[in-house]
Amino acid sequence: MPTATKTLIESYYAAFNAGQPQAMLDVLTTDVVHDINQGAREIGREKFARFLDHMNIAYRERLTDIVVMTSADGSRAAAEFVVHGEYLRTDPGLPAAHGQRYVLPAGAFFEIRDGLIARVSNYYNLEDWLKQLGAT
């Protein structure tokens, strides 16, 4: 089971890097819980889809150095990776976008249910990211 979970998480990130949001959504439960870094908790695949749409407008990102770890029973997983991004469009409440590039270590925690991702909790250092954007 841990192998199946590792493959599931790797396919999620492969879809992310390929710019295939539908393939990402296809590996989520309909009631997926999404914990946005230092933000709200959203529930449901529909809200996750809206989040991805927004992110794809404001940011261009690619993940490297992805390492996936799983629990012995495959019900939980964690991933560590490096985000290489470009800030394309100003996000409300954040500094103005003018194509700033950033490189940021990040991580995520997952719950797995019935072979699908039931929770995604993302984490990165917001202060570091803001500094890279040129925020004071």
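The lining of the largest pocket draws at least two residues from each of α1 (2-17), α2 (21-26), α3 (45-58), β3 (59-70), β4 (76-87), β5 (101-113), β6 (116-124) and α4 (126-133). Helices here are DSSP runs of H or I with at least four residues, strands are runs of E with at least two, and both are numbered from the N terminus. The model is a predicted one, so local features need pLDDT of at least 70 and side-chain atom pairs count only at pLDDT 80 or more, while totals for chains, interfaces and linings use all residues. Residues are numbered from 1 along each chain as its sequence is written, and side-chain values use heavy atoms, with hydrogens and water left out.

As for the pocket itself, its volume comes to about 1,000 Å³. A pocket, on a 1 Å grid over the protein atoms alone, is an open set of points where a 1.4 Å probe fits, with protein on both sides within 12 Å along at least five of seven lines; lining residues have an atom within 4 Å of a point. Grid points are joined across faces, edges and corners, and the volume is the space filled by probe spheres set on the points. The lining of the largest pocket runs to 41 residues, and Phe51, Met55, Tyr59, Glu61 and Tyr124 are the ones nearest its centre. Helix α3 gives the largest share of that lining, at six residues. Sorted by class, the lining has 24 nonpolar, eleven polar and six charged residues. For that tally, Ala, Val, Leu, Ile, Met, Phe, Trp, Tyr, Cys and Pro count as nonpolar, Asp, Glu, Lys and Arg as charged, and the others, Gly among them, as polar.

On to helix α3. Phe48, Leu52 and Ala58 of α3 are buried, where buried means under 20% relative accessible area, exposed means over 50%, and partly exposed is in between (1.4 Å probe, protein chains only). Looking down the axis of α3, these buried residues stay within an arc of 135 degrees, so they line one face of the helix. The arc is that of the directions from the helix axis to the C-beta atoms. The cover over the buried residues of α3 includes α1, α2, β1, β3, β4 and β6, with contact taken as heavy atoms within 4.5 Å.

Helix α1 can be read the same way. Thr5, Leu8, Ile9, Tyr12, Tyr13 and Ala15 are its buried residues. Down the axis of α1 they fall within an arc of 155 degrees, so they too line one face of the helix. Thr3 and Ala4, both exposed, sit on the face of α1 turned away from the buried side. Threonine 5, in helix α1, is buried at a relative accessible area of 2%. Setting aside neighbours within four places in sequence, threonine 5 contacts Thr70, Gly74, Arg76, Ala77 and Ile112. Just past α1, glycine 19 has a positive phi of about 70 degrees.

Most residues other than glycine have a negative phi. Glutamine 38, however, has a positive phi near 50 degrees. This residue is in the loop between β1 (28-35) and β2 (41-43) and is exposed at 60% relative accessibility. Beyond residues up to four places away in sequence, glutamine 38 touches Tyr124 and Leu126. Aspartate 114, also not a glycine, has a positive phi of about 55 degrees. Its place is the loop between β5 and β6, and at 75% relative accessibility aspartate 114 counts as exposed.

Arginine 89, in the loop between β4 and β5, is exposed at 52% relative accessibility. Not counting residues up to four places away in sequence, arginine 89 touches Ile57, Ala58 and Ala97. Asparagine 125 lies in the loop between β6 and α4 and is partly exposed, with a relative accessible area of 43%. Asparagine 125 and leucine 104 are 21 residues apart along the chain, with 7.8 Å between their C-alpha atoms.
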